[in-house]
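Here is a short briefing on side-chain contacts.

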Amino acid sequence: MANEARSTAMLRVQLEGPPGLLSHRAIEVTVSIRNDNPHRGDGPQLGTATPEQVRAHVWGPWKFSADGRDDIGRTVAPQNLAVGEWTRYGLTPTTPPTWSTTTTQDWLRDYANEPVRLSITARSKDSEWTVPLEVPVTIEDS
């Protein structure tokens, strides 16, 4: 949920199941923001950006601002959750890459109604699951 000015947002993640996980004490959950185009950076490059820089940039409306995030705001540190528990993460708007000629205002307008594309990985004992999600952004009532 974003504030009315879209200057900050909060992402709530709840571990709902599957029911077979009820016997597990805690599940390690890692949340990452996926790019809006997973093949970005694979083709010929325009300008000075390397393919690694292009792939590293967060292409989407929001990045993590929460404690424990990586340097670019794509991933937050794993947390342990039991089935039925939830956690929240702070988000801030992304900006255009430094090599782009796109203005911040145009970037924000282009991504204004786009969902946050997430990849949630859950680990417990010897099992691992990854779930891709698209979460629509809702505006908080003032």
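Arg55 falls in the partly exposed class, at 34%. The model is predicted: local features need pLDDT of at least 70, side-chain atom pairs count only at pLDDT 80 or more, and totals for chains, interfaces and linings use all residues. Residues are numbered from 1 along each chain as its sequence is written, and side-chain values use heavy atoms, with hydrogens and water left out.

**Salt bridges**

- A salt bridge here is a side-chain nitrogen of Lys or Arg within 4 Å of a carboxyl oxygen of Asp or Glu.
- The count under this rule is five salt bridges.
- Glu52 and Arg55 form one of them, at 3.8 Å from N to O.
- These two residues are three apart in helix 1 (residues 51-56), so about one helical turn separates them. Helices (H or I, at least four residues) and strands (E, at least two) are DSSP runs, numbered from the N terminus.
- Glu52 is exposed, with 52% relative accessibility.
- Arg117 and Glu134 also form a salt bridge, at 2.6 Å from N to O.
- That pair joins distant parts of the chain: Arg117 lies in strand 6 and Glu134 in strand 7 (residues 127-135), 17 residues apart.
- Arg117 is buried at 18%, while Glu134 is partly exposed at 47%.

**A salt-bridge network**

- Salt bridges link Glu28, Arg123 and Glu128 into a network.
- Within it, the side chains of Arg123 and Glu28 meet at 3.1 Å, N to O.
- This pair also spans distant parts of the chain, with Arg123 in strand 6 (residues 116-124) and Glu28 in strand 2 (residues 27-33), 95 residues apart.
- Both ends are partly exposed: Arg123 has 31% relative accessible area, and Glu28 has 30%.

**Aromatic pairs**

- Rings of Phe, Tyr and Trp (its six-membered ring) pair if their centres lie within 6.5 Å; planes under 30 degrees apart are stacked, over 60 edge-to-face, and the rest tilted.
- There are three aromatic pairs in the structure.
- Phe64 and Tyr89 are edge-to-face, because their ring centres are 5.6 Å apart and their planes stand at 75°.
- Phe64 is in strand 3 (residues 62-64) and Tyr89 in strand 5 (residues 86-93), 25 residues apart.
- Both of these residues, Phe64 and Tyr89, are buried.
- Trp59, Trp107 and Tyr111 are joined into a cluster by ring pairs.

**Charge over a ring**

- The charged end of Arg12 sits over the ring of Trp86, 4.0 Å from the ring centre.
- The cut-offs are NZ of Lys or CZ of Arg within 6 Å of the ring centre and within 35 degrees of the ring normal.

Technical notes:
Buried means under 20% relative accessible area, exposed over 50%, partly exposed in between (1.4 Å probe, protein chains only).
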